[in-house]
There are 2 protein chains.
Amino acid sequence: MTLAEENYLKAIYHLENQSSNEVSTNALAEEMQTKASSVTDMIKKLAEKNMVSYIPYQGVTLSKKGHAHAVKVVRKHRLWEVFLLEKLNFSWDEVHDVAEQLEHIKSEKLTDKLDEFLDFPKVDPHGDPIPDKYGNFETIDKTSLTDAQEGLVYVCVGVHDSSSDFLKYLDANHIGLGTTMKIIHKEPFDNSVKIKFDDVELVVSENVAKNLFLKTV
Amino acid sequence: MTLAEENYLKAIYHLENQSSNEVSTNALAEEMQTKASSVTDMIKKLAEKNMVSYIPYQGVTLSKKGHAHAVKVVRKHRLWEVFLLEKLNFSWDEVHDVAEQLEHIKSEKLTDKLDEFLDFPKVDPHGDPIPDKYGNFETIDKTSLTDAQEGLVYVCVGVHDSSSDFLKYLDANHIGLGTTMKIIHKEPFDNSVKIKFDDVELVVSENVAKNLFLKTV
DNA sequence: TTAAATATTTAGACAAAACTAAATAATCTT
DNA sequence: AAGATTATTTAGTTTTGTCTAAATATTTAA
């Protein structure tokens, strides 16, 4: 698997997790920041290699083989994120980009030794589960802040968007994994949400709310 | 700089260090395991980018810019080797191949944080010096075992060939960095050398002797 | 249910990095 | 110094992954 092929597999994997039906060429082009025609080309190649199953005009799905490979890349990505944060003192908004490179290093031994060195972490710095060497991981049950109920108390267990900008926003507002918050008010007009934590009230936009994952406490 | 370009720079760097005069197209082709015509193509490209200076039929030399870049790649390679050996418990014959991949990760912050995490090591597991973040490193004065003098005592400070096969040979014969040995006899017929260490005598071939670096003790 | 809009695929090109085969330059022999 | 050998470069292809533009299929809307 080349770097480009792995990135496509990963993108298909993420899109499958978001909406559970077939992945369209256009969605994939959007995700990969490329053109639909390029996507068609690559999908054909991946289909040749039995990594995806593809019916023209109907989108792609990962094959068993492709799924397994995507999970391996995701495992590496998340392990490196933990390494960068815990061992090299990167901040959580810095880990993603470097992990995008490190996830393509090919050495099963490296991956497994790294896993051991980090003491077999279960989640990465954004709250996403880390597959073990067999590809198994615990699914974390989480609710988006947009779906949280007024009056209840939640703890933050993850983020959807792991872009540097979003994570810096959270840092600036002292929100992180483990932050416990109460839903004060959900504003129907613009879907913003007023939350309270550490004795401070904060109104966050719908965009922020959509990207924050919570668990009831 | 692409991966291929970086590998060429590194190869030119190594060849310059070995013989101090211009690097020939053929030597580079041999080092890169490729064809002379491919080398000419790439050299032209690197000359365009001012990474090397190139006169047709006369070989290449690294420019200041190319040299600095090569040193950065070497720095990353050697730091990762230390990481793999010391933190992930790889053996010294396993570190090279994985480091060949890791050396291309682009993040100055990663490199410098890794350096710090490893406590600023001065040499890698094969005895080669590690450049600091400014590209400076201590040159280690060393003699090849072929040039060592009968009767004198030396300590092993490095290896020339860092191939897995050679390092495994050394492991099997209990030779490593720091091994102190006495030169018992140099056989003129085949340039083999009889050495003694840990109260055992061992005859090594010219090929082995050439690749072992020693320092007088 | 046909026209318009949108999504997808095909065809043809391009850049990077390699290759083979042929041409040319440099060096070595005698 | 001419011919032979060796080293190097040039010319023309190939593969990978991308692109644009054109063609085709699908969906939406009147």
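**Reading salt bridges and cysteines in a predicted model**

Guide: Over all chains, the count comes to 22 salt bridges by the rule used here, and since the model is a predicted one, every value we discuss is computed from its atoms.

Visitor: Are A:Arg75 and A:Asp115 buried or exposed?

Guide: The reasoning needs one cut-off, since buried means under 20% relative accessible area. A:Arg75 counts as buried because its relative accessibility is 4%, and A:Asp115, with a relative accessible area of 6%, is buried as well.

Visitor: Which residue forms a salt bridge with A:Arg78, and at what distance between the closest N and O atoms?

Guide: That partner is A:Asp124, and the closest N and O atoms are 3.8 Å apart. A:Arg78 lies in helix H4 of chain A, whereas A:Asp124 sits in the loop between H6 and strand E3 (143–144) of chain A, so this pair ties together parts that are 46 residues apart in sequence. Both A:Arg78 and A:Asp124 are buried.

Visitor: What does the pair A:Glu94 and B:Lys109 join?

Guide: The side chains of A:Glu94 and B:Lys109 meet in a salt bridge with an N to O distance of 2.6 Å. Because A:Glu94 is in the loop between H4 and helix H5 (95–102) of chain A, while B:Lys109 is in helix H6 (residues 108–117) of chain B, the pair joins two chains. A:Glu94 counts as partly exposed at 26% relative accessibility, and B:Lys109 likewise counts as partly exposed at 34%.

Visitor: Turning to cysteines, how many disulfides does the structure hold over all chains?

Guide: In general, a disulfide is a covalent bond between the sulfur atoms of two cysteines. Here the structure holds zero disulfides over all chains. As for individual cysteines, A:Cys156 is buried, with a relative accessible area of 2%, and B:Cys156 is also buried, with a relative accessible area of 2%.

Technical notes. Residues are numbered from 1 along each chain as its sequence is written. Chains are lettered from A and ligands numbered from 1 in the order in which they are written. This is a predicted model: local features need pLDDT of at least 70, side-chain atom pairs count only at pLDDT 80 or more; totals for chains, interfaces and linings use all residues. Side-chain values use heavy atoms; hydrogens and water are left out. A salt bridge is a side-chain nitrogen of Lys or Arg within 4 Å of a carboxyl oxygen of Asp or Glu. Buried means under 20% relative accessible area, exposed over 50%, partly exposed in between (1.4 Å probe, protein chains only). Helices (H or I, at least four residues) and strands (E, at least two) are DSSP runs, numbered from the N terminus. A disulfide is a pair of cysteine sulfur atoms within 2.5 Å.
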